[in-house]
Structures are given as C-alpha cells and as structure tokens.
Amino acid sequence: MFRQFSIACVLWLSMFCQQAYAISTIQVQVGEVDAPIGQLKNMQFQVDLKAIEPTLKLHAEVKPIREPAFIPFDLKCAQFNTEKIGHIDCLNGSLVAKQVKMPFSINFVSYPNDFSMNMAFNAASFSDESGLHAGENLTGKIKLAAKNINRSWQWNGSISWDEGELFWQPFYFGKAGNKFDVNGTFKAPLLDIENASLLVNEVGKMTGNAQINTRTNAVKNINVSAKDVDFAGLYSIFLKPMVEKSAFGNLAVSGKADWQFEIKNLEPSSFELNLRDASIEDKNGKFALSQINAHLPWDYDNAKAVSIAYKSGHILNMPLGDTKLSAEVNRYSFTAPQLTLPILDGALNFTDLSAAIIADNWYWHLGMHLTPISMNEFSKTLDWPSMQGKISGQVPQVSYAGKQLMMDGAMTFNVFGGTIGMDNLKIDDPLGVVPRLYADLLMRNLDLGDLTRTFSFGNIEGKLDGDVKNMVLENWKPVYLDASIQTSEGKHVKKISQRAVENITALGGEGTAAALQRTFLRFFKEFNYDKIGLSCKLRQDVCEMGGVESTKTGYVIVKGRGIPSVNVNGYTQNVSLSDLLGRMKRITDGNTKMLVK
Amino acid sequence: MQKLMMGFLIILAALFSANSVNAAADLEVNTPAIAALKNSMQARHTQLAPHYGSGAIGLTSDGLIAVRDTTAVPLRDRQGINALVAAENADRNALYKEIAAGNGHPEWRGDIQSTFAGRWIDKAQGGWWYQKEGSWVKK
C-alpha cells in the first residue's frame with residue numbers, strides 16, 4: 001500500500017508541476033525526476049482541451065524509494081476539469097500499474113492550508129509484490145480532508161467498500177459492507193490516529209487509536225476494543241490467523257464476544273476476551289465446549305484472574321460436564337490451586353496447576369485425583385458394552401512438556417469386581433495426527449462372570465489377573481505390548497460354560513462347536529477348569545501367543561479339571577492382531593483344537 | 001475436480017505400490033501411525049489440489065511442498081496457505097519417518113524421503129510445478 005501511496009504522490013507532484021495550460025493541448029515530457037519519496041522517468045503527460053470534455057493521459061515509470069525497480073504507470077482521465085484554481089476533477093479515470101488496476105473518479109480541492117479529496121473506485125484490484133496486501137474487485141469510496149493549523153495537520157478520513165474482498169496479512173475481509181472512519185493529527189514524523197472505528201460485516205464495530213512514526217513506519221501504540229461482536233466473525237477474521245498453528249486453529253465457533261487489546265512500544269501490553277453463550281468445536285473432532293461464558297484478561301505487568309464456565313463438552317470423546325474454572329494469569333504463566341472438571345457423575349480434580357508458555361510451547365504440571373466415575377455411564381457414553389464399577393484414582397503429578405503428557409503415579413479403575421491399574425502413562429502429541437500412548441496395566445481379581453456377561457462371550461466363573469507391560473498405542477491402536485492374563489491365585493469357583501469353550505476354541509479353531517456336539521459332552525452345560533491363561537507379545541501387527549503352559553505343538557489356553565474336563569489348546573504361535581480381532585467378531589476358521597479326556 | 005481426484009488416486013496408488021528405488025524398503029508397510037497420516041493427508045488434499053493446479057504451491061525436490069506464488073492463491077485462502085503447507089509438510093516428514101520405522105530401519109528415512117520425492121513429481125499432473133536443481137519447473 002505504501003508503494004501505491006508513493007506512486008500517487010509522485011503523480012500528484014508531477015501534476016502540480018505543470019502550471020501553464022491554454023490553447024488546445026498541453027504536452028509535457030520529462031526525462032527524469034528525483035524526489036525525496038522516489039524517482040520518476042520517461043514521463044509523458046498530455047492534457048487535451050480540444051474535445052468537449054478535456055482529457056488527461058499520463059505515462060511514466062516510477063520508483064518509490066523502497067522499490068528495487070521502476071514500475072510502468074498509466075493514468076487516464078476521460079473527463080479532466082481544472083476550471084477553478086485548486087480544484088481538480090478526474091472522472092472516469094483509470095490507473096494501471098504493475099499489479100494495480102483501478103477505475104476511479106476523484107475530486108481534489110487544495111488550498112495552501114487545507115485540502116480535501118473524494119474518490120470513488122470501481123472494481124479496483126491491487127496487490128503488493130508478495131501478495132500479502134491485496135484487494136480484488138473493490139468498489140467503494142475514500143474521503144480524506146486535512147487542515148494545517150500551527151504546522152500540525154488535523155485530518156479525517158473514511159474508507160468504505162460495498163463490494164469486493166481485501167486481504168491484509170494476516171487478516172481477510174471477505175464480506176463487503178465494511179467501513180473504516182478515522183481522524184487524528186499529523187506533525188512530522190508522528191501520525192496520531194485519535195479515533196478510528198472499523199465496522200466489519202458479520203463481526204461488528206471496533207474502535208481504536210494508534211500512534212505511528214512515519215519515518216520508521218513503527219507503530220508506537222495501538223488500542224483496539226470491540227463490544228458485543230459476533231464471535232464467529234471475530235474468530236475467523238482476527239483470532240484464527242493468530243492461532244493458526246495451535247490446537248485452536250481449526251474451530252467452528254458461535255456466540256458473542258467483547259474484545260480489547262493494547263500494544264505499547266511495539267509490545268502487547270494488555271488483552272481481554274469475554275465470551276457470552278459461546279461454543280467452540282474442533283473441526284477435527286478432538287474437543288468441543290458449549291455454552292461457554294468466559295472472562296479472559298491478560299496484562300503484561302499485572303496478574304489477572306481468568307474465569308471460564310461451560311455447560312458441556314468433550315475432549316477426545318471423554319464427556320465434560322457443567323464446569324466453572326478460575327485461574328490466575330501472570331504474564332506468560334497460569335496458576336490455579338484447584339480446578340474441577342466434572343465428568344458424568346464424577347470429576348477430574350486438578351490441584352496445584354501451573355502452566356507456562358515458553359518460546360511458543362506449552363509446559364504445565366498438576367496433581368490429579370478422580371472423584372469416582374461410574375463405569376456404567378462412562379461405557380454408555382463411549383458406546384462400549386455396558387459395564388459396572390467405578391473409575392477412581394490419584395496421580396501425584398501430571399506434566400506436559402515438549403508435546404508430551406506424563407503421569408507420575410497410577411490411576412485405578414475399579415471394574416468387574418477387581419482393579420485395573422494404569423501406570424507409567426505417557427502420551428506423545430495427544431492432540432496431534434499421531435498420538436502415541438505408552439502405559440503399563442495391572443489387572444487383579446477381575447470377575448470373569450461380570451466380564452464375560454458384559455461382552456456376551458459365554459459364561460465363565462472365576463477370577464482373572466493380567467499384566468500388560470510396555471504397551472504402546474499408535475493413534476489409540478496397540479502396536480507393542482507384552483501381555484498375559486491368567487486365573488488368579490486363591491480359592492474361587494472355576495467353571496466354564498460350553499458356549500465359552502466353543503467361543504475360545506472357535507477364536508482360532510476349526511468347527512469345534514460341531515466337535516463338542518458330536519460327543520457326549522453336549523449333555524454338559526458347563527465344565528470345571530484348573531487354569532485359564534493366554535499371553536501375547538505384540539510387535540506391530542503380530543502377536544506371539546502363549547497359554548498357561550506349553551505343549552509340544554502349541555500351548556494350553558484352558559486347562560480342565562475333574563470329570564468331564566475339557567482342555568482348549570492353541571496351536572498358532574504367531575497370530576495377526578487384526579486377524580484375531582476380526583475373528584473375535586466373526587469366530588471363523590483357525591488352528592485351535594479341543595482335546596477331550 | 002474429478003481430474004484432480006483421479007490425479008491424487010494415481011499418486012496414492014504409485015506411492016503405495018512396489019518400490020523399485022529402495023529395493024529393501026517396503027513402502028506399503030501399514031501401521032496405525034501411517035494409516036492416521038495417510039487419512040490426514042488425504043483429507044487435506046481437497047484443500048491443496050486447487051493450489052497445485054494454479055501454481056500457488058509446488059512440489060519440492062526433497063519430497064515436501066512449498067508456497068511458490070502467493071499471488072496465485074485466492075484472497076480468502078491466502079492467510080491459511082502457510083499453515084496448510086506447514087501442516088502437510090509435518091505429515092509428510094512424519095510419514096517418511098514412520099515408514100522407515102515400520103520397516104524396522106529408522107536410518108532409511110532419508111532414502112525413503114528421496115524415493116517419495118521422485119514419485120510425487122513423476123505422478124504429478126501436467127501443469128503442476130516442481131523444483132528441479134533449485135528452480136521451479138512446470139510439468
């Protein structure tokens with residue numbers, strides 16, 4: 001824009017240089033002009049007064065001071081009037097230069113100590129070399145008036161456009177119907193914008209003031225505030241460009257907002273965002289919050305209290321309930337002694353939370369304990385089979401640094417009459433494209449009755465222990481683990497139903513249901529067993545299987561006891577996990593055989 | 001649009017078909033991480049395709065993409081173009097790393113990346129731009 005402005009200045013200077021006109025035609029040719037704001041060469045200037053309407057043509061090559069090369073430049077006025085001294089009208093004009101095409105009409109009035117300009121442009125397009133400041137098909141008006149009082153210019157202006165789009169890095173104004181009113185003073189080199197108001201279509205009105213040093217182009221102070229504007233418009237035009245590369249860069253939002261920020265001496269000095277009845281939803285489905293009411297102040301010098309409340313939401317499909325949070329923000333850090341995130345009938349309670357942004361990266365740590373959440377609700381919400389029990393736990397410290405979440409301490413799920421402990425939890429890039437989770441699981445005394453009823457597997461009575469070590473999930477799918485499950489120590493009922501035997505064998509076996517049916521065993525609905533066990537060393541998609549004990553040809557999965565007794569043996573040592581999961585659904589052919597003693 | 005989609009399908013087919021440059025590496029290796037990255041890249045492709053066609057974005061010689069000509073980007077997309085390219089390159093870098101890891105040879109990453117670079121360019125549609133010896137060339 002500075003370039004366009006400079007071109008215009010060079011142009012107007014050249015126009016005022018010509019004083020003598022009379023008779024019918026004025027032609028001026030200038031080889032080269034050097035001015036403080038740039039250079040001009042090969043200028044051909046012609047005013048034709050013979051026609052009913054005088055016309056003007058100007059061709060030149062201009063080089064504003066900051067440009068590396070000369071730019072060809074053509075200006076035409078189909079109606080050029082200079083009847084009164086100090087008045088210039090250029091109607092049906094056009095300005096064409098590299099990357100500028102501007103049909104326009106202008107009325108310019110100049111006296112020694114004041115001037116005014118009214119300009120209308122129609123379907124104008126412009127762009128700078130980098131394309132970072134550009135407009136297309138802009139139709140609108142520019143007004144500017146200034147008065148020199150005691151060597152200080154008092155000026156006011158307005159720019160409005162009814163059609164077209166404008167991109168001013170990093171902001172994009174796609175909806176026409178925007179108006180920018182501004183007034184202030186200019187005393188070289190300081191441009192003081194006392195009142196500026198920007199009415200942006202679909203956002204609302206913003207007001208501000210600024211001080212700019214025109215010699216260095218440095219903006220000294222800026223203060224912008226907007227009340228009760230549309231949050232969706234505010235987000236898409238002003239906030240999204242600022243947070244494009246963060247987790248908040250791809251949101252659908254709604255609601256109302258107040259917005260204020262202040263820049264002093266080129267540094268952000270304060271900021272405030274208030275949200276009313278807003279909602280945000282990550283378009284990648286990672287998180288969402290609805291009915292947000294938030295007060296988010298920030299000040300470079302003073303600590304501020306931040307508060308956020310929302311009615312509902314989810315993070316990675318974990319449902320979040322009605323929540324009120326408050327914290328203190330102090331320059332680039334957050335602290336809160338206690339935060340509670342209600343989840344279904346329980347809650348995640350954070351203690352001693354502290355977070356900081358260092359070199360654009362988040363670092364935080366906190367303590368955490370769970371107010372028990374019922375598995376029944378939890379499993380329903382996640383569309384899992386309905387489970388009974390509670391999730392509870394206490395984690396001394398959770399930390400997040402370098403996009404890695406680490407849990408120092410164990411979380412316990414009290415489910416299926418026993419416990420599942422999760423320890424050594426680490427998640428790399430939890431909100432990224434490939435989140436990677438590392439953890440160990442410890443299962444103790446799970447009630448097989450509850451478990452098998454939940455997953456409709458066929459009834460097994462007994463207790464089960466399990467260990468999953470070195471578990472790695474990529475994008476929440478297992479790719480590495482050393483797992484084993486086996487019957488718990490101690491006395492308890494150990495019975496397996498015929499259907500469960502059929503299902504276990506059919507997981508990897510031939511038509512064992514038929515095999516059972518061929519023997520007298522079909523008369524027994526259940527059998528006693530001594531041990532059940534299965535192990536899997538998973539490497540990528542291949543599981544190296546094992547059982548309660550090895551045989552010459554494979555391993556024992558169910559070791560029977562008493563009479564009648566069934567053993568279920570596995571023969572395939574290496575099983576593809578995706579096949580196994582597929583089989584679990586379909587229960588089709590395989591290599592497991594049942595031995596009947 | 002149909003043409004662009006076809007182009008993309010051909011590229012995908014080429015990428016995940018047998019690889020002759022690095023005979024030992026299996027470019028078809030599939031892990032949950034690779035699947036997630038492919039999905040992410042495929043979803044983004046509908047946003048990128050018009051910019052390949054317009055010459056706004058080109059294929060670099062190291063298997064990534066770069067903004068070639070900002071002025072060719074429609075104004076409404078101009079602000080997001082750098083973030084879009086950065087996100088695509090983050091996925092591409094991760095993809096090369098994951099394919100090397102999926103082959104059990106993280107040290108193959110560089111070779112896999114250059115194999116992919118060649119394939120992206122071979123299979124690019126006519127009219128797309130790519131980098132050759134430091135300059136942009138229109139295919």
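**A strand pairing in chain A and its surroundings**

Author: In this predicted model, strand β29 of chain A, residues 436-447, runs antiparallel to strand β31 of chain A, residues 463-474, and nine bridges join the two. Within this pairing, Leu442(A) has Asp467(A) of β31(A) opposite it.

β31(A) also pairs with strand β32 of chain A, residues 477-487, again in the antiparallel sense and over nine bridges. In this second pairing Glu474(A) faces Lys477(A) of β32(A) as its opposite residue. β31(A) and β32(A) form a hairpin with two residues between the strands, and Asn475(A) in this hairpin adopts a positive phi near 50 degrees. As a general point, side chains in a regular strand alternate between the two faces of the sheet.

A positive phi is also found at Arg331(A), where the value is about 50 degrees although the residue is not a glycine. Arg331(A) belongs to the loop that links β21 (323-330) to β22 (333-343) in chain A. Two other loops of chain A hold cis peptide bonds. One lies between Gln169(A) and Pro170(A), with omega near 5 degrees, and Pro170(A) sits in the loop from β9 (152-168) to β10 (171-173) of chain A. The other joins Ala188(A) to Pro189(A) with omega about 0 degrees; here Pro189(A) is placed in the loop between β11 (178-187) and β12 (190-200) of chain A.

The chain that carries these features contains 40 strands and seven helices. Its radius of gyration is 38 Å, whereas the globule rule gives 25 Å for 597 residues, so chain A is more spread out than a compact globule. Along the principal axes, the C-alpha atoms of chain A occupy a box of roughly 130 × 50 × 35 Å.

Chain A also meets a partner: 22 of its residues are in contact with 17 residues of chain B. On the chain B side, α2 (32-54), α3 (75-78) and α4 each contribute at least two residues, and α2(B) gives the most, with five residues. By class, this side of chain B comprises eight nonpolar, six polar and three charged residues.

Helix α4 of chain B, residues 81-102, also packs against helix α5 of chain B, residues 109-122, at an angle of about 125 degrees and with the axes 9 Å apart. The two helices are therefore oblique to each other, and α4(B) passes α5(B) in a right-handed crossing. Tyr96(B), Lys97(B), Ile99(B) and Ala100(B) of α4(B) meet Arg109(B), Ile112(B), Gln113(B) and Phe116(B) of α5(B). This contact is made up of five nonpolar, one polar and two charged residues.

Chain B has strand pairing as well, in an open sheet of four strands ordered β2-β1-β3-β4, where the pairing is mixed. β2 (65-67) and β4 (135-138) of chain B are the edge strands, each pairing on one side only, and the twist averages 40 degrees from one strand to the next. Strand β1 of chain B, residues 57-59, pairs with β2(B) in the antiparallel sense over three bridges, and Gly58(B) has Ala66(B) in β2(B) as its bridge partner.

Conventions. Residues numbered from 1 in each chain as written. Chains lettered and ligands numbered in written order. Predicted model: local features only at pLDDT ≥ 70, side-chain atom pairs only at ≥ 80, totals over all residues. Axes fitted to C-alpha atoms, helices over the stretch in contact; angles between N-to-C directions. Parallel < 35°, antiparallel > 145°, perpendicular 65-115°, else oblique. Left-handed = near helix turned anticlockwise from the far one by under 90°. Contact = placed C-beta atoms within 7 Å. Nonpolar A, V, L, I, M, F, W, Y, C, P; charged D, E, K, R; others polar. Pairing = 2+ DSSP bridges. Rg over C-alpha atoms; globule rule 2.2 N^0.38 Å.
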